[in-house]
Amino acid sequence: MSEGPAKNWLALGRVDEIAPKTATHFDTPVGGVGIFHMADGRLFAIEDRCPHAYALLSFGLMDQAKDTVLCPLHGWRIGLADGQIQFPAQTGMSVCTFPVRVSAGLIEVNIAGCAKAPNSGDGAAAANSLN
């Protein structure tokens, strides 16, 4: 995925302000974005809203080994890399994922880079908050 023009990159905060193994919510022009800081230092940026019941995914339980987060309301498992709903598998829904990078200690997200998993359903939350 192309990183896109510099104007699409939005600085959200300092990487050292988000402890490893935690997630944080940020309000952005395209809606809420959850930044997930993994134990090994990797960062994921996803639409911070479950397409099922609209819970903030940044409040969910992260599975470091599977790169997933569990929705805090009903336990839906969502892939942090692709936004795909992994459980329950039959939903066909996903959340947006965004390119994320660290530049001079700042976490930057490409807000124009919403990517949905292939063959994902509409997902009312995603359509309403990001399109």
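In what order do the strands of the open sheet of 3 strands stand, and is their pairing parallel or antiparallel? In this predicted model, the order is E1-E11-E10, and the pairing is antiparallel.

## The sheet of three strands

The edges of this sheet are formed by strand E1, residues 9-14, and strand E10, residues 100-103, each of which pairs on one side only. Between neighbouring strands of the sheet the average turn is 30°, with direction ignored.

Strand E11, which covers residues 106-110, runs antiparallel to E1, and the two are joined by 5 bridges. Within this part of the structure, Arg14 has Leu106 of E11 standing opposite.

## Overall make-up of the chain

The chain holds 11 strands and 1 helix, and, when read along the sequence, its pattern is β-β-β-β-β-β-β-β-β-β-β-α. Of the 131 residues in the chain, 45% are buried, while the accessible surface comes to about 6400 Å², with carbon and sulfur atoms contributing 54% of that area.

Strand E7, made up of residues 77-79, pairs with E8 in the antiparallel sense over 2 bridges. Ile78 and Ile85, the latter in E8, stand opposite each other.

Thr68 is placed in strand E6, which spans residues 68-70. Thr68 counts as buried because its relative accessibility is 0%, and buried means under 20%.

The side chain of Thr68 is joined to that of Arg77 by a polar contact of 2.9 Å. When neighbours within four places in sequence are left aside, the residues in contact with Thr68 are Leu61, Met62, Asp63, Arg77, Ile78, Gly79, Leu80 and Gln86.

Terms used:
Residues are numbered from 1 along each chain as its sequence is written. This is a predicted model: local features need pLDDT of at least 70, side-chain atom pairs count only at pLDDT 80 or more; totals for chains, interfaces and linings use all residues. Side-chain values use heavy atoms; hydrogens and water are left out. Two strands pair if DSSP finds at least two bridges between them. Helices (H or I, at least four residues) and strands (E, at least two) are DSSP runs, numbered from the N terminus. Buried means under 20% relative accessible area, exposed over 50%, partly exposed in between (1.4 Å probe, protein chains only). Accessible areas come from the Shrake-Rupley method with a 1.4 Å probe; for residues, only the protein chains shown count as cover. A polar contact is a pair of N or O atoms within 3.5 Å; within protein, one must be able to donate a hydrogen and the other to accept it, and residues adjacent in sequence count only if both atoms are side-chain atoms. Contact means heavy atoms within 4.5 Å. Axes are lines fitted to C-alpha atoms, for helices over the stretch in contact, and angles run from 0 to 180 degrees between N-to-C directions.
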